Amino acid sequence: MTYLYLYLGIGLLVGIGFSINGARAYANAPPITEVVAQALDPDWQPPRRRWLPLILISSVIWPVLLLLPLLERPFEPEAPRPEFAVAGDHLLESLTVVEIEARERVFDPLGAVPDLPFGHLNTAWQDFLAECEEGVEFRRFAADWNAGWCKERREGYVEMVDGQPGRFFMTVCKTLPEE
């Protein structure tokens, strides 16, 4: 029972503190609607504020009230996460377009997936190839990537531009189990 009295006592003090703070803020800058109402009707009086119910309610929910100042301050923005890019150590074997398409042909005995390279993603693959230069070298890549909240395994194909990895077509992106 002592803990209940202590809890309510702290809540009462927090409620009184927040009420005094709110009353001061209201006296310094009343809401714009009250200013407009006063300008339109000089006899208008603001409604009387009843602080006692607010103090009593806050004596019960005071832990939540203590978190309010944290929400009023903007949180520090996170450092931007680096965007995924294929690096030299991710590169595997060199392949031609014909080899890639043979390797990525989807065989579905039920016929739900078209019998094309990359299946339903064939249109995206054709768009990727259309943006590539003629006779460009393609390499397969595989990389373990830290996405910030989880580790991912990313695999696919990258076009090589002047010996450096350029644009890539990702075929696998799966979450790795935590170790």
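Which residues form one aromatic cluster? Phe 118, Trp 125, Phe 128, Phe 138, Tyr 157 and Phe 169 do. Keep that group on screen.

First, the ground rules. This is a predicted model, where local features need pLDDT of at least 70, side-chain atom pairs count only at pLDDT 80 or more, and totals for chains, interfaces and linings use all residues. Residues are numbered from 1 along each chain as its sequence is written, and side-chain values use heavy atoms, with hydrogens and water left out.

Now the layout. The chain has 6 helices and 4 strands. Those are DSSP runs, numbered from the N terminus: helices are H or I with at least four residues, strands are E with at least two. Along the sequence the pattern reads α-α-α-α-β-α-α-β-β-β.

How much is buried? Buried residues make up 22% of the 179 residues. Buried means under 20% relative accessible area, exposed means over 50%, and partly exposed is in between, with a 1.4 Å probe and protein chains only.

Next, contacts, meaning heavy atoms within 4.5 Å. Take those between residues at least 6 apart in sequence: 51% join residues at least 24 apart.

Back to the rings. A pair of aromatic rings is described by the distance of the centres and the angle of the planes. Rings of Phe, Tyr and Trp (its six-membered ring) pair if their centres lie within 6.5 Å; planes under 30 degrees apart are stacked, over 60 edge-to-face, the rest tilted. The count here is 13 aromatic pairs.

One of them is Phe 84 with Trp 145. Their centres are 5.2 Å apart and their planes at 85°, so this pair is edge-to-face. Phe 84 lies in the loop between α4 (62–72) and β1 (91–95), and Trp 145 in strand β2 (residues 137–146), so the pair ties together parts 61 residues apart in sequence. Both Phe 84 and Trp 145 are buried.

Now Phe 118 and Tyr 157. They are also edge-to-face, at 6.3 Å centre to centre and 80° between the planes. Phe 118 is in the loop between α5 (97–103) and α6 (122–131); Tyr 157 is in strand β3 (residues 151–161), 39 residues apart. Phe 118 and Tyr 157 are both buried.

The charged end of Arg 154 sits over the Phe 84 ring, 4.9 Å from its centre. The rule: NZ of Lys or CZ of Arg within 6 Å of the ring centre and within 35 degrees of the ring normal.

Last, cysteines. A disulfide needs two cysteine sulfur atoms within 2.5 Å. The count is 0 disulfides. Cys 132 is buried at 11% relative accessible area, and Cys 173 is partly exposed at 46%.
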